[in-house]
Amino acid sequence: MKAGFYPKLAFDGIRKNQRLYLPYVLTCVGMVMMFYILAFLQQTPALDALAGADTIRTTLGFGSWVVAIFACIFLFYTNSFLMRRRKKEFGLYSILGMGKGNIGHVLFWESLMIAVFSTVVGLAAGMALSKLAELGLVALMQGEATYTLSASSDAVLQTSAVFGFIFLLLFLNTLRQVRFSSAVSLLHSEAVGEKPPKGNWFLGTLGLLLLGAGYYIAVAMADPLSALSMFFVAVILVILGTYLLMISGSVLLCRLLQKKKAYYYKSNHFISVSSMGYRMKRNGAGLGSICIMACMVLVMISSTAALYFGAEDALRSRYPSEMNLQVQYADPASLTGGGTSSLRDKVQAIADAQGAQLTGVTDYRVASIAGVVQNGVIVTDPKEVNTLSAATLSGVAQFFLLPLSDYNTCMGTAETLEDGEALLYVLRTDYDADTIAFRGGSTFRIKKQVDSFMGSGDAVMSLIPTIAIIVPDFSAAIAPMASWTDSRGDPALILKWNYNFDTGLSAQGQVDLYRSLKDALRAEEIAGTADYYAQNLDSREANRTDFYATFGGLFYLGIILSIVFLFATVLMIYYKQVCEGYEDQRRFGIMQKVGMTEKDIRRSINSQLLTVFFLPLGLALCHLSFAFPMIRKILLCFHLTNVWLFVLTTVITFLVFAVFYTLVYRATSNAYYNIVSSAKQTADAA
C-alpha cells in the first residue's frame with residue numbers, strides 16, 4: 001500500500017470520531033500531567049528545607065502510584081467505549097477487503113498518535129504547572145517558597161515509562177478484541193445485548209445485604225483502632241454491594257416504573273424508562289463506578305480538608321499546654337515520695353532565666369497499665385490480654401490511676417472520696433458497672449463518673465479506649481501492681497509524672513525554652529544524676545511545623561487525587577451520554593416519525609436525568625452518611641477531635657460536588673440531546 005496510508009487512515013478515524021476521542025485524549029493528558037507533577041514534587045529541592053519532607057515524599061510517592069494504577073484501570077474502561085463505537089467501522093473495513101493485519105496497522109498508528117500526543121502534551125502541561133503545584137504544596141505546609149523554575153528528567157523518564165506501558169497494554173487489548181471477532185460480529189457490535197433485561201432478585205438482595213454489612217461495620221466500630229482495622233473491609237463490602245445494587249437494582253427499578261401505568265404511559269417517561277430498562281443491565285456498572293468515584297472524592301476532600309483546617313485544634317489536643325513534660329519513674333517510692341520536687345525546681349529556674357511566666361500549670365502523677373475488662377474485673381496478665389485482644393479489639397483499654405489530690409488541684413474541684421471509693425472518667429468507651437477491680441489488685445466502688453479531665457496528650461494519642469480511675473490513696477492503690485511484669489519481664493505498671501504549663505513567651509521564645517530544657521534534661525541523664533527512668537519533653541510550638549506539614553501534604557494529595565477522580569467521573573458521564581445517545585437514536589427516530597416533538601425529547605431527557613443519573617449522587621450521599629462515624633474515629637488517630645469541623649467540611653464538600661455534578665450532567669446531556677434530536681434525519685437518510 002501507499003506509504004502513509006495507515007497513518008492517514010488512523011488520523012482520519014480519530015478526526016471523524018473526535019466527539020469520542022477528544023475527551024479521552026484530554027483525560028490521558030490530564031493523567032500524564034498529574035503523574036508528572038506528583039513525581040516532580042517527590043524530587044523537588046523545595047521540600048528539603050521543610051519539616052516532615054520525608055513523610056511528604058513518601059505520601060506523594062504513594063499518591064503517584066495510586067494515580068498510575070487508577071489511570072490504567074480507568075483508561076481500559078473508557079477505551080472500551082471507544083472500541084464499541086469503532087468496531088462497526090472496523091467491520092466495514094473487513095467487508096471492503098482489509099484483513100485483520102491491516103486493521104492492526106491502523107490501530108497501531110491510532111494508539112501511537114494518541115500515546116505520543118498525550119505524553120508530550122501532558123508532560124508539557126505538567127512542567128508548566130509543576131511550579132504552581134510546588135508553590136501550593138509549600139504554602140499548605142507553611143514553608144518559604146522559591147520562584148526558580150525547574151524540571152525533573154527523572155520524573156519525565158518515570159512518567160514516559162509508566163504511561164508508555166499503559167498505552168502498550170491498551171493497544172494489545174484493542175488488537176485482541178479485533179483479532180478474535182468476525183467481520184459480522186464487528187459490524188453488528190452495537191446491537192449486541194438488546195435482549196430485554198430481567199431484574200435479578202438474588203443479586204439485588206445480595207447487594208443490599210453486602211451494603212447493609214458494610215454500613216453496620218462503619219457504624220458499629222466503637223474505637224479508632226477497630227475502625228482503622230475494619231475500614232477496608234467495610235469499603236470492599238460497600239463497593240461490591242453498590243455494583244450489585246446498581247446492576248440488578250436499577251433494572252428492577254425500571255421494571256417497577258413500567259408497571260406503574262400512571263407514571264410510565266406519559267410522553268416524557270415512556271421513552272426514557274423503556275430505553276433505560278434495556279441499558280441498565282450493561283450500564284449499571286457504569287453508574288456504580290460513578291457512585292464509587294463520587295464517594296471517593298467526597299471522603300478524601302472532606303477528611304483531608306478537616307485535617308488541614310483543624311490542624312490547630314489537633315495540635316492543641318495533642319499538646320494541651322505550650323510545654324508538656326512527662327517523666328517516667330522506675331519505682332513507686334520515687335513518684336510518691338517527693339522525687340519530683342527537684343526536677344520541678346530545675347524547670348522553674350530555667351523558665352525564670354528566660355523570662356517565662358508559668359501559667360495554666362497541670363501537675364499530676366499517674367500510673368497506667370493495659371488490660372481487658374471482664375465482668376467488671378480488669379485482666380492485666382499479658383497472655384490473657386493478648387488472647388482476649390485477638391478475639392475482641394474493643395475490649396482492650398488503657399487504664400490510668402490518679403491521686404484525688406492531684407485531680408482536685410488540676411481541675412479546681414473539691415471532690416471527696418472514702419476509702420475504697422473512686423471517681424471514673426471514660427474516653428472512647430462506656431462503663432456501666434458500680435465497681436471496678438484489678439484482678440490481683442485493688443477493688444473500687446464507683447462514686448460517680450466525671451465529665452471532665454485534665455488535658456493529656458497520652459489520652460489523645462491512644463487509639464484504644466481510656467479509663468481513668470481517681471483514687472483517694474494513690475500509694476495503696478498501686479502497691480499491689482508494683483511487681484507485675486509484661487511479656488518481656490519489664491514492669492507492667494508505667495509510673496509517670498506530668499508537668500504541663502504555658503509560658504507567656506513568643507513562638508521563638510517557646511522554642512528557645514524548649515531547647516534549653518531539653519539540653520538540661522539530657523545533660524542530667526548523661527551525667528547519671530537523674531533519679532528518674534526516662535523523660536519526654538514536648539513543645540507545641542516546636543511541633544507546629546510538623547503538624548501543618550503533614551496535614552498540608554495530606555490535604556494536597558487529597559486535592560490531586562480528587563481532581564484525577566473528577567476527570568474520570570466527568571469522562572464516564574460524558575461517554576454514557578454519548579454512547580447511550582447513539583443507542584437511543586433509532587428509538588427516538590421511530591418516535592419522531594409517529595409524532596414525538598423536540599419538546600417531548602427534552603422532557604424525556606429531563607425525566608431520565610431525575611430518574612437515573614442522580615441515583616449515583618444519592619447513593620454516594622448515603623454511603624458518606626454511614627461512613628461518617630467510622631471516618632470520624634479514624635481522624636482521631638490524627639488527633640482531630642473537632643467533630644463539627646468535620647461535619648462542616650463534609651456538608652460543604654457534598655454541596656459543591658452536587659453543584660458540579662449537576663453542571664457536568666447538564667453540559668453532557670446536550671451532547672445526548674443533539675444526537676437523539678437528529679434521529680429522524682438519520683433515519684430518513686437511511
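Predicted model: local features only at pLDDT ≥ 70, side-chain atom pairs only at ≥ 80, totals over all residues.

Start with the largest pocket, which holds about 1,200 Å³ of space. A pocket here is found on a 1 Å grid over the protein atoms alone, as an open set of points with protein on both sides within 12 Å along at least five of seven lines, and lining residues have an atom within 4 Å of a point. Its volume is the space filled by probe spheres set on the points, which are joined across faces, edges and corners. Select Phe231, Phe232, Val299, Met300 and Ser303: of the 35 lining residues, these lie nearest the centre of the pocket. Then colour α3, α7 (201–220), α8 (224–259), α10 (267–309), α19 (540–593) and α21 (615–636), the elements that each give two or more residues to this lining. Helices are DSSP runs of H or I with at least four residues, strands are runs of E with at least two, and both are numbered from the N terminus. The pocket lining divides into 29 nonpolar, 6 polar and no charged residues.

Residues are numbered from 1 along each chain as its sequence is written, and side-chain values use heavy atoms, leaving out hydrogens and water.

The whole structure has 4 cavities of 30 Å³ or more, a cavity being a set of points where a 1.4 Å probe fits but cannot get out. The largest cavity holds about 150 Å³. Pick Tyr24, Asn79, Ser111, Ile114 and Thr174, the closest to its centre among 15 lining residues. Which helix supplies the largest share of this lining? That's α4, with 5 residues.

Leu170 sits in α5 and is buried at 4% relative accessibility (buried is under 20% relative accessible area, exposed over 50%, partly exposed in between, with a 1.4 Å probe and protein chains only).

Now for some salt bridges (a side-chain nitrogen of Lys or Arg within 4 Å of a carboxyl oxygen of Asp or Glu). The structure holds 12.

Jump to Arg344 and Asp363, whose closest N and O atoms are 2.8 Å apart in another salt bridge. Arg344 is in helix α13 (residues 341–353) and Asp363 in strand β2 (residues 359–374), so this pair ties together parts 19 residues apart in sequence. Arg344 is partly exposed at 23%, and Asp363 is partly exposed at 21%.

Last, show Glu312, Arg316, Glu541 and Arg544, which are linked in a network of salt bridges. Zoom in on Glu541 and Arg544, with their closest N and O atoms 2.9 Å apart. Glu541 is buried at 17% relative accessible area, and Arg544 is buried at 16%.

Notes: Nonpolar A, V, L, I, M, F, W, Y, C, P; charged D, E, K, R; others polar.
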